[in-house]
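Open your viewer and get your selection tool ready.

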Amino acid sequence: MLAYILRRLVISIFVLFLATILVFLLVAESGDPLALLRANPKIPHRVILARENLLHLNDPLYERYWIWFSHAIHGDFGNTVAGQAVRPQLVSHLLVTLRMVILATLISIVLALAVGVYAALRQGKVADHVATVTNFLFLAAPVFVVGLLLKEFVAIPINEHLNRIVFYTNGEQSPTLSGSFFSRLPDYAAHTALPTITLILVSYSSWAIYQRASILETLDSDHVRLARSKGISPRRVLMRHVFRNALIPVTTVIALDFAAILGGALITEIVFGWQGLGIWFLNGVNGLDINITLAYLLVTATFVILFNLLADIIYAFLDPRIRYD
Amino acid sequence: MTETSDLSPRQQRLRRVSTSEVGMHTLPEAVPPAGSDDEARYGMAGDARGQLATVARRFIHSPMAVIGLCIFFGLAVAAILTEMFWTYSYTSITNTLNAPPSLAHPMGTNSIGGDVFAQAMHGTLQDIEIALVVAVLATFIGATVGAIAGFYRGGTDTALMRFVDLILVIPVLAILIVLAHIVAKQASNWLWLAIIIGAVSWTYVARLVRADFLSLRERDFVEASRALGASNRRIIVRHMLPNALGPIIVNATITVALSIVLESTLSYIGLGIQPPNVSLGLLVDQGQDSATTEWWLFVFPVVILVVLILSIFFIGDGLREALDPKKNRVRA
C-alpha cells in the first residue's frame, strides 16, 4: 500500500508540475501586468524599471519559469505585481478560506451520509421523495444563487426581525476585531455561519443522491440477502454489511469532488465578501499576476491531491479486498 | 455495398449474438428475428432502433423525467417565441423605470427601463445555446480521448489520462477564470465562452468511455471483428462506441446542466457573457443588490435559472434509469 501511495504521489506531483508550466505560459502570454503602472504619468520611470527587475519581466520565458520554480520548491513564491511577497498573503488568505472549507466539508459528508441512508431506507415513502427533491434542488442551484438567497431572504430578515445582527453577510470578521481568541470567537462564528451553510448545501446534495443509490444497490445484493436469510438481526445486517459496502463508492465521489468544493468556496467568498484565497486569486488573475495565480494553483492542487490520497487510504480500510499492488 | 452481406451465415450469427449480448441493453426486443432484412441491411442499427423504442417507453414511464423534458422544451420554445414575437427585445429601453410586474411587463422593468421578461428569455436562450455547444464539444472530445486511451492502452493511455488528471487536480472554475480572462481579451463572443467551458468539461466523459472501452475490448465480438480483418478505426467507431453510447448520452445531458451552472457562475463574477448581451447569471448579478426592493429583477432570473438546470438533471436521471440494463430484472 505504501508503494502504491508513493507512486500516486509521484504521478500527482508530476501532473502538478505540468500544470504550473501550462498556467505560467497562459498568464505570461496574456498581457503586460504593469500596463496600468506605465499608463500613470505620475509614476517615475525608475520605479517601473525596478518593478520589471523584481518580477523578471525582461527575461526570456523559460528563465522566468525557472526562477519561479527554483524558488517555489523552497517555499518562496516570489512577489506580487504590486511588489509585495506572495507567501504571507497566501498564508493569511488560506487561513480565512480554511475556516469555512474544513467545517463545511466535514458537515457535508455527515449530512450527505445521513440523508442518503435515511432516504434509501425509506425508499418510495414521502420522506424519500422530499429528500430526493431537496437534493436535486441544491444540486441544480449554482453556488452564488444559494448564497444570495440565504443572504437576502434568510439572514437579513432574521437580523431585522430580531433587531440585532445574528448573521453577518459581509466579510470574514469585523474590521475592528481585537481581544483574546475566545472573545473573538462569537464574531467569527456569526461571520462564518452563512458561507459555511452555503457551501454545505451545494456540496452535500450530489453525495447524498449517490449514497442513496449506493445503499439501495447494496441492499439488493446477494450477500445482504444471504446475511438476512442466515437470521442476522436487521440492525446488524445494516451496520456490518450494508453501510460498509455502500460507503466505498461514495468515498471516491467525495474525494474527486474536493476540487469542486474549493471552487465553490471561491464563489462563496465573492458572494459574502470574504478576503479568502478565492478573491485573492481572482484579483491576481485580473491583474495578470503570475505568482499569485501559480501560488493559488499549487495550494489548491496540493489539497486535492492529499484529499485523494486520504480517500485511497480510507478505501483500503473499508474494503479489505483492495490491495494496492 | 451492405457491410454484413459478405460474411458467411455463421459469421453473421456470431456477430449478432455478440452484439446483443454485450450491450447495456440486453432486452428481449433488442434482438431482431434471425436473418431479418433489417439485420442484414443495417447490422447493429437494426438493434438500435428496437432499443430506442424500449428506452423511450421506459423514459416516459418516469414522471420526473417527463416533467423535466416538458419544462426544458417549454422554456426553450417560450424563449424562441419571445425572441420572435414579444413587443420588446432584450436591448429595448422603455420609459418605464423600475416598474413592478404588470401586463405590459410581466417581469417588470429595470432601472434603465429594460424589459426583464425579454431579457430573461433571451438569457435562457443564450444559456441553452452555450450549454448545447459545450455538451457536443465536451462529448466529442471526451469520447474520442477516452476511446483512444481505452482501446490502445499502454503509453497512449497513460499520457492521455495524466492530462485528464491535470484538469482534475485544479478547481474547474479556477481554470475557467484564467481561460476566460485571456479569451475575453480577444472576443466577448458567447461561442468563445462555450469553447472554453467545453475545453474543461470533457474529462468525466473521457474517464467513463475509457473504463467502458477497457472492458469492451476484451469481449468476443471485438475479437471476432478483428479476426474478420476490421481496422482499429472501424472496430472503435462501429462496434465499441455504440456499446458505450448509453453512459455517453446520460453524461452529455448532465454536461448540459453543469455547463449552465459554469456559464452563469462566470457571468455572475463578470467573466462570462458581457453586456449588452444577457444571460441568466448576468441578470442575477445585476439584480442581486435590489433583491429585496426591486425583487423582480432578482427573483425571476433566479427561478428560471434553477428550474432550467433542474429540468435537465431530471431528464438526465430519467435517461440513466431508462438506459440502465440492470433495471430490467429488478422491480418493474
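This is a predicted model: local features need pLDDT of at least 70, side-chain atom pairs count only at pLDDT 80 or more; totals for chains, interfaces and linings use all residues.

Stop 1: Ala99(B) sits in the loop between helix 4 (63-85) and helix 5 (116-152) of chain B. Setting aside residues up to four places away in sequence, show what Ala99(B) touches: His105(B), Gly108(B) and Thr109(B).

**Stop 2: the nonpolar core.** Which residues have the most contacts inside the largest nonpolar core? Select Val169(B), Leu176(B) and Ile309(B); the core they belong to has 165 residues. Colour helix 14 of chain B next, as this helix gives the most to the core, with 17 residues. Then bring chain A into view: the core draws at least three residues from each of domain 1 (2-72) and domain 2 (87-318) of chain A. Back in chain B, centre on Leu176(B). Leaving out neighbours within four places in sequence, its contacts are Ile196(B), Ile197(B), Val200(B), Leu262(B) and Leu266(B).

**Stop 3: where the chains meet.** Show both chains. Their contact takes 41 residues from chain A and 31 residues from chain B. On the chain B side, the elements giving two or more residues are helix 6 (154-168), helix 7 (172-186), helix 12 (245-268) and helix 14 (295-323). Highlight helix 7 of chain B, the source of the largest share of that side, eight residues. Colouring the chain B side by residue class gives 23 nonpolar, five polar and three charged.

**Stop 4: two domains of chain A.** Colour domain 1 (2-72) and domain 2 (87-318) of chain A separately. The C-alpha centres of these domains lie 32 Å apart, and the contact between them takes 15 residues from domain 1 and 12 residues from domain 2. Helix 1 (residues 2-28) of chain A gives the most to the domain 1 side, with 11 residues. By class, the domain 1 side divides into 10 nonpolar, four polar and one charged.

**Stop 5: along helix 1.** Stay on helix 1 of chain A and draw a distance between its end C-alpha atoms. They are 38 Å apart, which agrees with the 39 Å that 27 residues should span at 1.5 Å a residue. Finally, select the buried residues of helix 1 of chain A: Ser12(A), Val15(A), Ala19(A), Val23(A), Phe24(A) and Val27(A). As you look down the axis, recall that an α-helix has 3.6 residues a turn, so residues three or four places apart point the same way.

Notes: Residues are numbered from 1 along each chain as its sequence is written. Chains are lettered from A and ligands numbered from 1 in the order in which they are written. Two residues are in contact if their C-beta atoms, placed from the backbone, lie within 7 Å. Helices (H or I, at least four residues) and strands (E, at least two) are DSSP runs, numbered from the N terminus. Ala, Val, Leu, Ile, Met, Phe, Trp, Tyr, Cys and Pro count as nonpolar, Asp, Glu, Lys and Arg as charged, and the others, Gly among them, as polar. Domain bounds come from an automatic or database domain assignment. The expected span of a helix is 1.5 Å times one less than its number of residues. A residue is buried if 20 or more other C-beta atoms lie within 10 Å of its own, exposed if 12 or fewer, and partly exposed in between; C-beta atoms are placed from the backbone. A nonpolar core is a set of buried Ala, Val, Leu, Ile, Met, Phe, Trp, Tyr and Cys residues joined through C-beta atoms within 7 Å.
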